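Please examine the sequence and the model shown here before reading on. The paragraphs below are meant to be read alongside them.

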Amino acid sequence: HFERAAALHPHRTAFVQPDGSEITYAASAGIVETIAHALQQEPLEPGSTVAIYSPNDAAAFLAILGVVRAGHVWISLNGRNPVENNMSLA
């Protein structure tokens, strides 16, 4: 759905940050591509699990989309869990 919205409405707002700034679909798609390309340069097998450890905001969501675009599997971590619990998910 994200890619379709980016293609159809690139100049519309995709995300509103806590400070009120907005990120368009076009800008978001560029960020997703950058993240995906960077991950593809890493020595990861296709389908590797990748976690995003971040507050719940636009950057985290774009990183998740980049992980998926790169052909990997995103796993959800909970920042409130002990590190050992999060590590066991990988």
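Predicted model: local features only at pLDDT ≥ 70, side-chain atom pairs only at ≥ 80, totals over all residues.

Residues are numbered from 1 along each chain as its sequence is written, and side-chain values use heavy atoms, with hydrogens and water left out.

The protein chain contains 4 helices and 4 strands; helices (H or I, at least four residues) and strands (E, at least two) are DSSP runs, numbered from the N terminus. Read from the N terminus, the order of the elements is α-β-β-α-β-α-β-α. Along the principal axes, the C-alpha atoms fill a box of roughly 40 × 30 × 20 Å. Of the 90 residues, 28% count as buried, where buried means under 20% relative accessible area, exposed over 50%, and partly exposed in between (1.4 Å probe, protein chains only). Contact means heavy atoms within 4.5 Å. Among contacts with a separation of 6 or more, 51% involve residues 24 or more positions apart.

The interior can be described through its nonpolar cores, each a set of buried Ala, Val, Leu, Ile, Met, Phe, Trp, Tyr and Cys residues joined through side-chain atoms within 4.5 Å. The largest has 10 residues: F2, A5, A6, F15, I23, Y25, V32, A58, L62 and L65. Two or more residues of this core come from each of α1 (2-8), α2 (25-40) and α3 (58-69). A second, separate core has 9 residues, including I52, A63, I64 and A70. Within the largest core, A6 touches Y25 and A29, not counting residues up to four places away in sequence.

How many aromatic pairs does a search of the whole structure find? The search finds 2, with rings of Phe, Tyr and Trp (its six-membered ring) counted as a pair if their centres lie within 6.5 Å; planes under 30 degrees apart are stacked, over 60 edge-to-face and the rest tilted. The rings of F2 and Y25 have centres 5.8 Å apart and planes at 45°, so this pair is tilted. Because F2 lies in helix α1 and Y25 in helix α2, the pair ties together parts that are 23 residues apart in sequence. Both F2 and Y25 are buried.

Helix α3 has 12 residues and spans 16 Å from its first C-alpha to its last, close to the 16 Å expected at 1.5 Å a residue; the expected span is 1.5 Å times one less than the number of residues. Its buried residues are A58, A60, L62, A63, I64, L65, G66 and V67. The elements covering them include α1, β1 (13-16), β2 (22-24), α2, β3 (49-51) and β4 (73-75).

S28 is placed in helix α2 and is buried, with a relative accessible area of 0%. Leaving aside neighbours within four places in sequence, S28 is in contact with F2, A14, F15, I23 and L62. R12 is found in the loop between α1 and β1. Although R12 and Y25 are 13 residues apart in sequence, their C-alpha atoms are 6.1 Å apart in space. Residues up to four places away in sequence not being counted, R12 touches I23, T24 and Y25.

A search of the whole structure finds 2 salt bridges, a salt bridge being a side-chain nitrogen of Lys or Arg within 4 Å of a carboxyl oxygen of Asp or Glu. In one, the side chains of R69 and E3 meet at 2.4 Å, N to O. Since R69 lies in helix α3 and E3 in helix α1, this pair ties together parts that are 66 residues apart in sequence. A salt bridge also joins the side chains of R69 and E33, at 1.6 Å, N to O. That pair links distant parts of the chain, with R69 in helix α3 and E33 in helix α2, 36 residues apart. Through shared partners, salt bridges join E3, E33 and R69 into one network. R69 is partly exposed at 29% relative accessibility, E3 is partly exposed at 49%, and E33 is partly exposed at 40%.
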